[in-house]
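Hi,

Here is the structure I promised to pass on. Have a look at it first, and then read my notes below.

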Amino acid sequence: MKVRRTWAWLAILALVLAACANEGGGGSEEPSEADESEPAAESQPAESADAGEQSFLERAEAGEFEGTTVDILAQWVEAEADNFEGNFADFEERTGIDINYEGVTDYTTVLNVRVEGGDAPDIAQIAQPGLMRSLQADGHLVNLSEFMDVDQLREDYIESFIDLASVDGDLYGLYYKADLKSIVWYPNAAFEEAGYEIPETWDDLLALMDQIKADGGTPWCITQEHGEATGWVTTDWVEDVLLRTAPLETYDAWVAHEIPFDDPAVVNAANIVGEIFFGEGNVYGGPTAINATFVGDAQNPMFAEGGPDCWLHKQAAWIPSFWPADESTDPPTPLYEPGVDSSFFYLPPIDEEYGRPVLGGGDMLVMFDDRPEVRAVMEFFATPEAAEYWTQAGGFVSPNKDVPDDWYTTYPSSGLAEILAGADALRFDASDTMPAEVGAGTFWSGMVDWIANNGASTEEVLAEIEASWP
Amino acid sequence: MTTATTPLGAPSLRPIDIVRRLLAPLAGVVGILAIWWAIGFLVEEDGPANLLAGLYDTIGLDGQAEAIRERGIPTLTSKLILAVVALGVGVGGIWAVYIGANAVVERLGDTLKRRVLPWVFVGPALLLLSVYLVFPSVSTVATSLTEDGGAAENFGFVLTDPDMLVALRNNALWLVLATGGSVAIGLVIATLVDRVKREALAKTFIFLPLAISMVGAAVIWRFVYAWAPPGQPQIGLANAVWTSAGNDPVAWLQVPTLNTFALILIMVWLQTGFAMVVLSAAIKGVPTEVIEAARIDGARESQVFFRVIVPMIKGSIITVGTTIAIAVLKVFDIVFVTTGGRFESDVIANLMFTEFFRFRNFGHASALAVILFLAVVPLMVINVRNLRRQGIGS
């Protein structure tokens, strides 16, 4: 009898403890909630097919998803993270959806680990269409065509961005941020003082280089050391020149590997790049500096005290965040202002026949978990409002054409919007689009070796890259 | 495990004895519950905040509790609470579980107990090892044989791709030079330092780099090897010295093959201290009578070293050599931080990382892992055999 009673006490004690555990940890509530939403999400596609129904964004605005959380993983940190969060702060306030943003610079690694570990974020940013395609092939991505109006998106967006984010006619990525690579930075005041003029044609550019050299200066700041990513600066150069010396069809066929990687057009483009890279006195520090100096430090000599040590720097519009700054404050105070101390011009066309093409890059958002609130957030990111804050803060260009021009008030956004408006064609960074083994592998390492050998055996290097295509 | 059996046979038990007997199993139950609760707590994002709020509630500070529920708590506080809970419940809980399990096994018959008891204590460790070591290993081998293009494609790629061959060559260089360099320099220093007055101080300096993580060391040496255009101030130590002798600066990390030697030097700098400490202890274990006898017999100092000391500490040299060799074969951090494998400085472990995380070629990456594993196994065998011979392992 006594024994049995003792066990009864034990059982009661266990129950009490278990109850405490639940209360203290708040433990079991959230997982069970997630469990419930899973089947609900699966049944959604059928519902949303009805045309007359409210969109998820409208339902979110009506407060239906209040209290839910959506996780986003992207590469934007520090100031860029603040700008990104500024883009959706109002949305969170209105809808009650809590957007939990995590910024990681090495996001491809983190993303792959989390996806393979079954802990994918709800939404992630991806810069390489190649990575998107392999994630899609492994069945990790949600098909956006199931709930978003792709025809409408085609009207709202620069069309090539929709095509880039599609696989077999279905949309898996939503382009959110565009990046223009065909721009060249120069030091405003010194440029004017020296009497230099912004080149309109490739011949102008070559003449300007000669003029700078005749004045005792070094024309180009070019560096590309970036750890295991070393090499992408040169691939951008080759792509930009290829766009200016060959028809768009050639570029597209090259990216899709319908023509060999070492097609004569590509060899020609590499040779033109080589003339700049390896020409005597063209690059600050010579070819060694290109491989040995960190990519973010490229433009520092332009701000040297005794006047620019190099005058021209081809790099996308994020480079100002790497310019010299006063590191004694937190955050560091910029010493030079884009648009005032250094502005950019469009890398001039080479052959009139091919017009004014622009080489771009961009970041798309992909969706891993199909829940109504995640759909609502994706739909929100397709609206102009989701670009408002960052556009006005500067440094953001939206691929969404509905974003009003008068939001692009701050340099460099304003300058980029202008170049985009005057462009005949936009093509996406080829190395980001090719399979990663080439685009983030042999194309990069091949260009590194090419520079290490001072541009010797261009054709051999390109042939080796061709051989490595998977 | 704890509740099913109640073999309380003897009728003459007093209540106090029952309580005493139940105390230990009870501890086990409490331990299991505590661990269960702690896991829930650790996976819960707002766990620490909720716990703190709950504590405030219990002691009557409702206002404070409300504030925490609304605004949360600073990350540092939250992490500290997590650490305390993890430590307390982890250690305490596991201890309680062992006590409980032991108490239950104590009740079993003598023979049964003798058989079961070791498993109770080794069991959890075995289970964790299988989950975290055995299963992943088997799964990696399986992946290397099935994923991507199957075994032939994966291993064919690993053994023929030009980048792979460069990495294999580099790993061979690393294995020979880094291991040989560390052991040889460590042995020389250990011998020399043995006759120095301030031996401890000298040894400390050599030993210090070992305390630095591989990543930390690589970052330091990145600065040492830094390059600036000729004519500019050289912030890198290596180039500052090199250019002061009138030479042009060298991009140590960017020139193929030279960079591999530069990286191997980092490893030697790190591992020499380890070799020195172990070998120094071994040298001190060589009986002075033996050395004196050799000297009396007319042996020169070099002969004493090579014919007497080295053979007598052979076991230690093998142990140190194989241990360093295993670390060297798996080298990743140094290469990843300094060159990222560019400029023909790649090694197997870094290629594995690239194939896995950048290219998502899980088959290639697994095949590389298997190759690395196969390369390490013989070294492990030598090491274990050597330890057994010395009677250290059982």
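Chain B has a mean pLDDT of 84, and 94% of its residues reach 70 or more; pLDDT is the predictor's confidence in each residue, on a scale from 0 to 100. Residues 1–6 of chain B are a stretch where the pLDDT is below 50, with 10 contacts in the model beyond near neighbours in sequence. A contact here is a pair of residues whose C-beta atoms, placed from the backbone, lie within 7 Å. For the complex, the predictor gives an ipTM of 0.74 and a pTM of 0.77.

As you'll gather, this is a predicted model: local features need pLDDT of at least 70, side-chain atom pairs count only at pLDDT 80 or more, and totals for chains, interfaces and linings use all residues. Residues are numbered from 1 along each chain as its sequence is written, while chains are lettered from A and ligands numbered from 1 in the order in which they are written.

On to chain A. Its secondary structure comes to 21 helices and 13 strands, which are DSSP runs numbered from the N terminus (helices are H or I, at least four residues; strands are E, at least two). Of its 470 residues, 44% count as buried, meaning 20 or more other C-beta atoms within 10 Å of the residue's own; exposed is 12 or fewer, partly exposed is in between, and C-beta atoms are placed from the backbone. Among contacts in chain A between residues at least 6 apart in sequence, 75% join residues at least 24 apart.

Chain A also has an open sheet of 3 strands, antiparallel, in the order β8-β7-β11. The edges are β8 (313–314) and β11 (342–346), each pairing on one side only. Pairing takes at least two DSSP bridges between two strands; β7 (residues 183–187) has 5 bridges to β11 in chain A. In that pair, A:Val184 stands opposite A:Phe345.

Most residues other than glycine have a negative phi, and most peptide bonds are trans. The bond from A:Tyr411 to A:Pro412, however, is cis, with omega near 5°; A:Pro412 is in the loop between α17 (385–393) and α18 (413–421) of chain A.

Which residues of chain B have a positive phi without being glycine? One is B:Thr257, at about 70°, and another is B:Phe343, at about 55°. B:Thr257 is in the loop between α10 (237–244) and α11 (258–284), and is partly exposed, with 14 other C-beta atoms within 10 Å. B:Phe343 is in the loop between α15 (333–338) and α16 (348–358), and counts as buried because it has 25 C-beta neighbours inside 10 Å.

Cheers

Key:
Contact = placed C-beta atoms within 7 Å.
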